[in-house]
Structure formats: C-alpha cells, structure tokens
Amino acid sequence: MEIIILLVALLGCSSRALAAIPNSDLASNQEFGNLSPTSNCDVAALGEALCDKRIEVVEEKLKGIAKLVSQSKQLCEFQIKALRESGEQQKQICEYRIKEANQQISNLQKSTQPKKNHVGAAVSGKLSALYPGSRYYVSTEKLNWYLARKFCISNGMQLASIESKAESEALTPVLLQAGGFFWLSGTDLGSEGKFYWDNGTGKDVKDFTNWVGTQPDNHQGNEHCLHEKPGIGWNDYPCENQEKFICEINDS
C-alpha cells in the first residue's frame with residue numbers, strides 16, 4: 001500500500017492514479033490514522049512524508065551500522081597492535097634467555113677448561129725449551145707413574161708424550177745427562193695391549209714408536225705404563241714402580 005502511495009506522489013497528484021487506488025486499501029492504512037484525504041495532493045504529501053520518515057529511519061540505521069563497523073575496526077586494530085607488541089615482547093624475552101644460556105655455557109666451559117701455561121712456581125724456573133712448541137720439566141725425584149702424572153697436572157703440565165722421531169732426538173741428550181729411566185704419559189690401562197697418550201688427547205701410540213725389541217710384552221701381566229731408557233728406547237713397566245719422569249707443557 002505504501003508503495004502505491006509513493007507512486008501516486010511521483011505522478012504529481014494525478015486524479016486518475018488516485019482513482020485507481022481502492023478506497024478500502026486507503027481506509028485500511030493505519031499510518032494515516034483517521035485522516036480522510038480530500039485531494040490527490042494531500043495523499044501525495046502523506047506519501048512523501050512517509051517516504052522521508054523511512055529514509056530517516058534507514059539513515060539512522062546506517063549511522064548505527066557505520067558506528068558499529070568503526071568500533072569493530074578500532075577493536076581489531078587494538079587487538080592486532082596488542083598481538084604485535086606481545087610478540088615483540090616474547091621475542092625479546094626469548095633472545096634474552098638465549099643470550100643468558102649462552103653466557104652460562106661459556107662460563108661453564110671456561111671453568112672446566114684447564115688453565116694453559118699456568119705452571120707452578122716451584123717448577124717454572126726449571127723448564128727447558130727442548131723442542132719447538134713445548135717446554136719440559138725433567139725430574140730428579142722418583143715417583144710412581146700415578147704420582148708423577150699428578151705432579152705434572154698439579155703444576156699445569158702433563159706427563160710428556162714423545163710423538164715424533166725429531167722430538168725424541170731433541171730430548172735424548174738431556175735425558176742421557178740426567179741418567180735413569182723416565183716415565184712418559186703412555187699407558188694401556190683400560191685397553192690392554194693398546195697404548196695411548198694420557199695427556200688429555202687420548203691419541204693412540206702408533207704414529208711414532210720407539211719400543212725396544214719385542215716390547216711391550218706385559219711381563220707377568222702387570223706392565224701397563226710406558227717408560228724410556230734414553231738412548232735405548234721404550235718399555236712397558238709396572239705403574240707402581242718409582243722412576244724419574246718428564247712433564248711437558250704445550251706453548252702453541
């Protein structure tokens with residue numbers, strides 16, 4: 001019915017268009033109340049007023065929707081910003097924790113590494129640079145292999161490891177002059193028959209050897225430590241026996 005009224009308004013108060021509208025329909029339109037239009041122009045005015053009213057309603061609804069959309073947009077932007085800031089904070093926290101963990105690992109590594117070139121004061125003045133890259137302490141006292149090893153380590157060194165013919169030849173004159181047998185770091189403790197250098201490297205004694213005759217022979221099943229007779233060669237010997245020894249510190 002409302003559409004018909006609008007059409008009438010558009011027809012410019014046409015009496016013919018108004019005549020085409022059933023009176024029963026006009027009378028049933030509650031929005032006119034008890035009004036009884038007496039002219040086509042009155043009906044058109046009412047239609048226009050009704051149309052304006054509906055337009056106002058639609059415009060108000062559109063304003064409400066626009067406001068709601070704007071609020072939703074602001075909320076989304078706020079949430080996105082919050083997520084970004086939260087992500088950045090989490091990133092910073094993770095980076096800090098990684099940095100802290102790396103620092104702890106570094107500190108732990110430093111604390112567990114042996115101090116290099118920190119030779120005990122009692123022996124520091126008795127070291128001899130007999131071979132390039134190393135200095136040696138040639139003992140005058142005698143200890144078993146275990147205590148000789150302990151002595152060297154406690155003074156910032158290791159029992160010597162002679163790993164080349166050139167190194168052996170460099171040490172021989174000094175050892176001959178000192179006289180006696182000398183413990184080296186070689187041992188097969190824990191790996192019978194397979195000697196290795198117990199100097200922190202664990203390298204097998206194989207690239208260079210200076211065994212005498214059929215040595216090592218593990219005589220009586222009790223020879224597990226390597227000692228040297230200068231000018232003669234190496235022999236496996238009971239680790240509990242007392243011998244002189246050679247400590248070595250690597251300067252390279």
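The largest nonpolar core comprises 16 residues, and Leu184, Leu226, Trp234 and Ile246 have the most contacts inside it. Strand E2 (134-138), helix H7 (165-178) and strand E4 each supply at least two residues of this core. Apart from it lies another core, of 15 residues, which includes Val123, Leu159, Trp183 and Ile249. A nonpolar core is here a set of buried Ala, Val, Leu, Ile, Met, Phe, Trp, Tyr and Cys residues joined through side-chain atoms within 4.5 Å; buried denotes under 20% relative accessible area and exposed over 50%, with partly exposed in between (1.4 Å probe, protein chains only). Helices (H or I, at least four residues) and strands (E, at least two) are DSSP runs numbered from the N terminus.

The model is predicted: local features need pLDDT of at least 70, side-chain atom pairs count only at pLDDT 80 or more, and totals for chains, interfaces and linings use all residues. Residues are numbered from 1 along each chain as its sequence is written, and side-chain values use heavy atoms, with hydrogens and water left out.

In helix H6 (residues 145-154), the residues Trp145, Ala148 and Cys152 are buried. They lie on the same side of H6 because they cover an arc of only 65° around the axis, the arc being that of the directions from the helix axis to the C-beta atoms. An α-helix has 3.6 residues a turn, so residues three or four places apart point the same way. The buried residues of H6 pack against strand E3 (158-159), E4, strand E6 (225-229) and strand E8 (244-250), whereas the exposed residues Lys150 and Ser154 are carried on the face turned away from the buried side. Just after H6, Gly156 adopts a positive phi of about 80°.

Ser185 lies in strand E4 (residues 182-187) and is buried, with a relative accessible area of 0%. Its side chain is joined to that of Ser161 by a polar contact of 2.6 Å, that is, a pair of N or O atoms within 3.5 Å; within protein, one must be able to donate a hydrogen and the other to accept it, and residues adjacent in sequence count only if both atoms are side-chain atoms.

Asn218 is located in the loop between strand E5 (196-197) and E6. Its side chain reaches the backbone nitrogen of Asn222 at 3.2 Å. Asn218 and Asp236 are separated by 18 residues in sequence and by 6.6 Å in space, C-alpha to C-alpha.

Technical notes
Contact = heavy atoms within 4.5 Å.
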